[in-house]
Amino acid sequence: MANKQIKRERLRQRRHLRIRKKVKGTQERPRLCVYRSLKHIQAQLIDDTTGRSLLGMSSNSAEIRERLSGVQGKCERGREVGRLLAAKALEAGITQVVFDRGGYLYHGRVKALAEGAREGGLKF
C-alpha cells in the first residue's frame, strides 16, 4: 500500500516539474501555486524572479479558520480559500496571476480554489 502512495507522489512531482518548466511568475503576474493535503489546501502567490512568496492562504490558518467552520465539504473550503486569497491579492495590487496546479489534476478542490479566485477578481 505504501509503495502505491510513494509512486503516486513521485508521478505528481514529475508532472509538477513538467508544468514548472513552462509556468513562471513575475512581480506583475505572480504564480498562484497550489498544495493539497488530505485535509487542507494551501495557495501562495510567488514571484519567481526574486524567489519570494508575496502572500499565502491556507484552510488551516488561524485567520480564516472560524470563517470556514460553517462551510461543509473540502471543495467548498477550497473555493472559500480562493476567494479570500483573491481579496488579499487585490488589496496588495495584484490583479493577474499564472495558475500552477502543482501537478494535481484540475479537478475537485484544485478547480474549486481556481474558480473561487476568479470569483474574487483575479484574472488567470
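His40 counts as partly exposed because its relative accessible area is 25%, a value that lies between the 20% limit for buried residues and the 50% limit for exposed ones. In this predicted model, His40 is placed in the loop that runs between β1 and β2. Its C-alpha atom lies 5.6 Å from that of Ser59, although His40 and Ser59 are 19 residues apart in sequence.

## The nonpolar core

The largest nonpolar core of the model holds 24 residues, and the members that touch the most other members are Leu32, Leu45, Val81, Phe99 and Leu113. Several elements take part in this core, with at least two residues supplied by each of β1, β2 (41-47), β3 (52-58), α2 (62-68), α3 and α4. Among the contributors, helix α3 gives the largest share, which amounts to 5 residues.

Side chains of opposite charge can pair when their charged atoms come close. Arg79 pairs with Glu115, with 3.1 Å between the closest N and O atoms. This pair links distant parts of the chain, since Arg79 belongs to helix α3 (residues 74-91) and Glu115 to helix α4 (residues 109-120), with 36 residues separating them. Arg79 is classed as buried because its relative accessibility is 17%, whereas Glu115, at 26% relative accessibility, is classed as partly exposed.

Arg83 forms a salt bridge with Glu80, in which the closest N and O atoms are 2.9 Å apart; both residues lie in helix α3, where a spacing of 3 residues corresponds to about one turn of the helix. Glu80 has a relative accessibility of 10% and therefore counts as buried, while Arg83, at 29%, counts as partly exposed. Arg83 also forms a salt bridge with Glu119, again with a closest N and O separation of 2.9 Å. Here too the pair links distant parts of the chain, with Arg83 in helix α3 and Glu119 in helix α4, 36 residues apart. Glu119 is partly exposed, its relative accessible area being 48%. Through shared partners, salt bridges join Arg67, Glu76, Arg79, Glu80, Arg83, Glu115 and Glu119 into one network.

The C-alpha atoms of Arg14 and Gly102 are 9.9 Å apart in space, while the two residues are 88 residues apart in sequence.

Note on methods:
Residues numbered from 1 in each chain as written. Predicted model: local features only at pLDDT ≥ 70, side-chain atom pairs only at ≥ 80, totals over all residues. Heavy atoms only, no water. Salt bridge = Lys/Arg side-chain N within 4 Å of Asp/Glu carboxyl O. Helix = DSSP H or I, 4+ residues; strand = E, 2+ residues; numbered from the N terminus. Buried < 20%, exposed > 50% of the residue type's maximum accessible area, 1.4 Å probe, protein only. Core = buried A, V, L, I, M, F, W, Y, C linked by side-chain atoms within 4.5 Å.
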